[in-house]
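Have the structure open as you read.

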Amino acid sequence: MKILVPVKRVLDYNVKVRVKTDQSGVDLANVKMAMNPFDEIAVEEAVRLKEKGVVTEIVAVSIGVAQCEAILRTALAMGADRGILVQTEDDLEPLAVAKVLKAVAGDETPDLVLMGKQAIDGDNNATGQMLSALLDWPQATFASKVEIEGGEARVTREVDGGLQTLGVTLPAVITTDLRLNEPRYASLPNIMKAKKKPLDTKALADYGVDTAARLSVVKVTEPPKRSAGIKVASADELVANLKSAGVL
Amino acid sequence: MAVLVIADHDGAHLRDTTLKTIAAAQTLSSDIDVLVYGETSAVAAQAAAAEGVRTVLTAESAELKADIAEAISALIVSVAGGYDVIAVPATASGKNFAPRVAAALDVSIISDVVEVVDGSTFVHPIYAGNALETVKTSDAKTVLTVRPTAFKPVAATGGSAAVEAVAVPAVALKTRFVSDEKVVSDRPELGSAKVIVSGGRALGSADEFKGVLEPLADKLGAAVGASRAAVDAGYAPNDYQVGQTGKVVAPNLYIAIGISGAIQHLAGMKDSKVIVAINKDPEAPIFQIADYGLVEDYKTAIPALTKALG
């Protein structure tokens, strides 16, 4: 079977983001970018399914600027077979991304779309669910365990208060939670091999999908700063302070 | 303008998150209906008693009870016609079905709303809470998930809304429920606790995590939380995790023990009223946001703290 893995280029998770002084957005000039951590987990899971012999082909897809090619090469170095870059300068909303992915899925006819539960920039946690709605496929979000058998994916999900296990009929959309796996590092030989793997670049217009923005950003601001606290010398002093602050 | 609030409940009790989502809806409209799905017999009456609710809609089926997104989404879409805004508590369950509803209606979603500016303008955090984005939607209908910690709950009593059953749409589901594994706890729920005692990797083992944090939590009537490092190391169950990828909490008092304070952890707790950090490393980033910091090994600090609490 064939898996489609959407991957997003985002600000590296260790970088503390700065809000632009004109409140038009965050400053992404000259900052380190990387593959969204949840998408790394999705690529890793796809590669593990291939290593188990369940999957025959892994197609990684990214939507965005030309530099997303580097993210796709990372996915190829981890074990994906080929990449598709849908190039656009526009910063697409989850609904638009889901529509483009639906079109890609229409061309590729995967048995499974495996993707991150959320991107750490927008923090929306929406694209996978939207894609499954548009395709009219079942969904299994926040997966911490995935088993494929007999045309069904059995997925254990992280929910409030514990775990839930669902069986979803393929084709389906699964989104990954942190606990699903520990992504591998790409080895140097695999990075070299990845340079030779096929990578198609398409224009957003090739898909003829309506990606018009529904939301306009009024402003982006810094969250309120907490006032500086104090250091206390002992547990007794701490308790006295908490009592006078009225929280004990 | 009419708003549909989707209730969050456990079959017996309406959760606080629902009352907070109703509060967010009240800043938009006084025409607020609440949809209760799943096991509704006890919860519908509780929703009807909540302040400011016009009508409670109920829907029951095995799939709705099992929280299957396909079924819930079809149900909400079937009643969406009469509403301008659909407001969903931003819980794991709400985040699961709300985007599916939005896509089915061909509208965008605004996730984790922390402030309502007007009927089409909302504020939500991005980049792990390090920036707040104000967005205005041009969609005719708006689907929101509402961050409960950002709103004060409406009163749970005093309302007298009518209760009406709605038909469950027939859908050929491609999802089947297999099993549930609930974490049983007598402690307050993390999301609504007034006090949270949270532990990190420094605690070193699952036994130490329990042994150190639970007596203190018992003394304070607190919920127990954990950093990602503590969860990944197996010291605490997954659903204890506070942070960008875990739960977002805002208690009156958050006590972080042996937690360094990574960006992803702060995203989940920095709106707490008072933050206490106990860490032996004076350079730990957690001290930059803590109201009260105690630089001391938890092994001596926690017994002393438990004793000082009397």
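## The parallel sheet

Ile257(B) sits opposite Ile278(B), a residue of strand 15 of chain B. This is a predicted model, by the way. The two strands here, strand 14 of chain B and strand 15 (residues 274-279) of chain B, pair in the parallel sense over 5 bridges. They belong to an open sheet of 6 strands with parallel pairing, in the order 13(A)-16(B)-15(B)-14(B)-12(B)-13(B). At the edges you'll find strand 13 (230-232) of chain A and strand 13 (223-226) of chain B, each pairing on one side only. From one strand to the next, the twist averages 20°.

Now for the helices on this sheet. Helix 6 (residues 235-244) of chain A lies across strand 13 of chain A plus strand 14, strand 15 and strand 16 (292-295) of chain B, and runs at about 135° to strand 13 of chain A. Helix 9 (residues 298-308) of chain B packs on the sheet too, touching strand 14, strand 15 and strand 16 of chain B, with its direction at about 135° to that of strand 15 of chain B.

Where does chain B join in? Strand 11 of chain B runs antiparallel to strand 9 (residues 162-169) of chain A, and 7 bridges join the two. Within that pairing, Leu166(A) stands opposite Phe177(B).

## Strand 6 of chain A

How many of the residues of strand 6 of chain A are buried? The count is 5 of the 5, so this strand is largely enclosed by the rest of the structure. Strand 1 of chain A runs parallel to it, joined by 2 bridges, and Leu4(A) stands opposite Val113(A) there. Strand 10 of chain A is parallel to strand 6 of chain A as well, with 5 bridges between them; Gly116(A) has Thr176(A) as its bridge partner in strand 10 of chain A.

## Rings and charges

Over all chains, the count comes to 1 aromatic pair. The rings of Tyr37(B) and Phe97(B) have centres 6.1 Å apart and planes at 85°, so the pair is edge-to-face. Tyr37(B) is in strand 2 (residues 31-37) of chain B and Phe97(B) in helix 5 (residues 92-104) of chain B, so the pair ties together parts that are 60 residues apart in sequence. Both Tyr37(B) and Phe97(B) are buried.

Two lysines sit over rings as well. Lys117(A) lies over the face of Phe142(A), 5.7 Å from the ring centre. The charged end of Lys231(A) is over the ring of Phe287(B), at 4.7 Å from its centre.

## A threonine facing chain A

Thr245(B) is in the loop between helix 7 (228-232) and strand 14 (253-257) of chain B. Is Thr245(B) buried or exposed? Its relative accessibility is 16%, so Thr245(B) counts as buried. Leaving out residues up to four places away in sequence, Thr245(B) touches Phe38(A), Lys117(A) and Leu178(A). The side chains of Thr245(B) and Gln241(B) are joined by a polar contact of 2.9 Å.

Most residues other than glycine have a negative phi, and most peptide bonds are trans. Against that background, the peptide bond from Leu170(A) to Pro171(A) is cis, with omega near 0°. Pro171(A) is in the loop between strand 9 and strand 10 of chain A.

Gln23(A) isn't a glycine, yet has a positive phi of about 60°. Gln23(A) is in the loop between strand 2 (9-11) and strand 3 (33-35) of chain A, and is partly exposed at 35% relative accessible area. Asp67(B), also not a glycine, has a positive phi of about 65°. You'll find Asp67(B) in the loop between helix 3 (62-65) and helix 4 (69-79) of chain B, partly exposed with a relative accessible area of 22%.

Conventions
Residues are numbered from 1 along each chain as its sequence is written. Chains are lettered from A and ligands numbered from 1 in the order in which they are written. This is a predicted model: local features need pLDDT of at least 70, side-chain atom pairs count only at pLDDT 80 or more; totals for chains, interfaces and linings use all residues. Side-chain values use heavy atoms; hydrogens and water are left out. Helices (H or I, at least four residues) and strands (E, at least two) are DSSP runs, numbered from the N terminus. Buried means under 20% relative accessible area, exposed over 50%, partly exposed in between (1.4 Å probe, protein chains only). A polar contact is a pair of N or O atoms within 3.5 Å; within protein, one must be able to donate a hydrogen and the other to accept it, and residues adjacent in sequence count only if both atoms are side-chain atoms. Contact means heavy atoms within 4.5 Å. Two strands pair if DSSP finds at least two bridges between them. Rings of Phe, Tyr and Trp (its six-membered ring) pair if their centres lie within 6.5 Å; planes under 30 degrees apart count as stacked, over 60 as edge-to-face and the rest as tilted. A charge sits over a ring if NZ of Lys or CZ of Arg is within 6 Å of the ring centre and within 35 degrees of the ring normal. Axes are lines fitted to C-alpha atoms, for helices over the stretch in contact, and angles run from 0 to 180 degrees between N-to-C directions.
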